Amino acid sequence: MNLYEQNPYWLMKNGIVAQYPSLDKNINIDVAIMGAGISAALTAWHLRNSGLSVAVFDRRHVAMGSTAASTAFLQYEIDTPLTQLRGYVGEQNAVKSYELCREAIYDIAHICKTLKPEFDFHLVPSLQHASFKTHVKALREEFDLRKKYKFKVEWLDEPEIKKTFGFEAPAAIFSEDGGEVDAYLLTHALLGDFRKKGHQVFNNTHIKQIDHHKTGIALLTHDGPEIKAKKLVIACGYESLQYVPQKIADIHSTYALVSEPLSDKYFWHRNSLVWETATPYMYFRVASENRVLIGGRDDPYHHPHILPSVIARKTQQLKNAFCKMMPHIPLKPDFSWAGAFAVTKDGLPYIGSIPERPNTYFALGFGGNGITFSVIAAKIIRDLILDKKNCDAELFHFNR
């Protein structure tokens, strides 16, 4: 799959951060992790002190799949509103899912402080505004339900939004719990720390065949070397769908741009994450170097390539929508790209195992919360591999 097209900002800004070899001989380990994006890196990092031998393998370079195109818009609100999610999984499970996503944001903050050198991470609030007046009632119900369960939220009406944020919207939920991070650099930082513990990371290692045995897994690579492992973690994003026999997600294309740097005077209240109630929704945040990141305008997945003209048109649509809201900000797109984006029936990720693939665990953080879902998956999979009980695993199993 082509997981992104054109020029993701973080890949262009950071370039190749570290060198990793390809696998050139047979290897025997406890845990093999397929994929080397943020999901795989978080899982590997959580297993680094487990006493098990762990290795990460990717057919590309580290973090150059979907992670390079991630907008790292860290919010605990998943794509399915809490008021709707309770209809799929029940109110208590829905609330627990939201709480776990909120906890994951602070887990990332803690991880970033733990890394040496300390990794740059920012906690920022978020604002979800009603796209239309007809959305206000549903948004108010969402606010009331979150308030009931002690989420730190405030209700803003139209004058308050205009005064505080400088744009017009009929109503909004302001939340204290959000964050932003460079997912591409964080992946390298996590794997760097992972390697310091004696584990291995391999680039350009294409696994073409997976064989399941009673005692473990045999992975045959395209170039010949074989990997034998007791456990396998599949964390290669949307390409993981080929290893699951049932359909669990639809893939969409999503678009993003990053502006030229701007003066501080043009930014809004506390550099909040801003997103809307429309589907698909547009969102924006402040990126590094005083740039604005804008994303959205999703459509059905383009295969095999998204034409440059399509990306140019979507970039213009994102710019126009932003400038309509914020006409005082002289925004000029500097980077633009498209990426793959998977949607599940309830907005929740799939984490855990399936009968068809014994000794194998999936970390499939689909949806707009890919990074926070990946934190949840990393903790659950670590516990499952170490035979520890994890009460959250049932929320995200494949048979829900």
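The questions and answers below go through surface charge, sheets, backbone and salt bridges in a predicted model.

Me: Which residues make up the patch of negative charge on the surface?

Reply: Glu154, Asp157, Glu158, Glu160 and Glu168 gather there. Strand S7 (153-157) and helix H7 (158-165) each supply at least two residues of the patch.

Me: Why is Glu158 called partly exposed?

Reply: Glu158 has a relative accessible area of 36%. Buried means under 20% and exposed means over 50%. The value for Glu158 falls in between, so the residue is partly exposed. Membership of a patch asks for over 30%, and Glu158 passes that cut-off with its 36%. Glu158 lies in helix H7.

Me: What makes strands S4 and S5 edge strands?

Reply: Three strands form an open sheet, ordered S4-S9-S5, with antiparallel pairing. Strand S4 (73-75) and strand S5 (122-123) each have a single partner strand, so one side of each is left without a neighbour in the sheet.

Me: How do you know that S5 and S9 pair?

Reply: Pairing takes at least two bridges between the strands. S5 and strand S9 (residues 178-180) have two bridges, in the antiparallel sense. They therefore count as a pair. His122 stands opposite Glu180 in S9.

Me: What joins strand S14 to S18?

Reply: Strand S14 (residues 250-259) and S18 run antiparallel and are joined by 10 bridges. The cut-off for a pair is at least two, so S14 and S18 qualify.

Me: Why is strand S18 described as largely enclosed?

Reply: Strand S18 covers residues 333-343. Eight of its 11 residues are buried, so the strand is largely enclosed by the rest of the structure.

Me: Which peptide bond next to Pro117 is cis, and where does Pro117 lie?

Reply: The cis bond joins Lys116 and Pro117, with omega about -5°. Pro117 lies in the loop between helix H5 (91-114) and S5. Most peptide bonds are trans.

Me: Where does Pro280 lie, and what is omega for the bond from Thr279?

Reply: Omega is near -5° for the bond from Thr279 to Pro280, which is cis. Pro280 lies in the loop between strand S15 (273-276) and strand S16 (283-287).

Me: What is phi of Asn204, and where is the residue placed?

Reply: Phi of Asn204 is near 45°, a positive value in a residue other than glycine. Most residues other than glycine have a negative phi. Asn204 is placed in the loop between strand S10 (200-202) and strand S11 (207-213). Its relative accessible area is 40%, so Asn204 counts as partly exposed.

Me: What is phi of Asn359, and where is the residue placed?

Reply: Asn359 is not a glycine, yet its phi is positive, about 60°. The residue is in the loop between strand S19 (350-352) and strand S20 (360-364). At 23%, Asn359 is partly exposed, because the buried class stops under 20%.

Me: What makes Arg146 and Glu142 a salt bridge?

Reply: Their side chains meet at 3.3 Å, N to O. The cut-off is within 4 Å, so the pair qualifies. Arg146 and Glu142 are four residues apart in helix H6 (residues 136-148), separated by about one helical turn. How many salt bridges does this rule give? The count comes to 20.

Me: Are Arg146 and Glu142 buried or exposed?

Reply: Arg146 has 1% relative accessibility and counts as buried. Glu142 has 4% and counts as buried.

Me: What classes do Arg382 and Asp383 fall into, and what links their side chains?

Reply: A salt bridge links Arg382 and Asp383 (3.1 Å, N to O). Arg382 is partly exposed at 24%. Asp383 is buried at 10%. Elsewhere, salt bridges that share partners join Arg59, Arg60 and Glu239 into one network.

Methods: Residues are numbered from 1 along each chain as its sequence is written. This is a predicted model: local features need pLDDT of at least 70, side-chain atom pairs count only at pLDDT 80 or more; totals for chains, interfaces and linings use all residues. Side-chain values use heavy atoms; hydrogens and water are left out. Patches are made of residues with over 30% relative accessible area and no salt bridge: like charges are joined within 9 Å, nonpolar side chains (Val, Leu, Ile, Met, Phe, Trp, Tyr) within 5 Å. Accessible areas come from the Shrake-Rupley method with a 1.4 Å probe; for residues, only the protein chains shown count as cover. Lys and Arg count as positive and Asp and Glu as negative; His and the chain ends are not counted. The place of a charge is taken as NZ of Lys, CZ of Arg, CG of Asp or CD of Glu. Buried means under 20% relative accessible area, exposed over 50%, partly exposed in between (1.4 Å probe, protein chains only).
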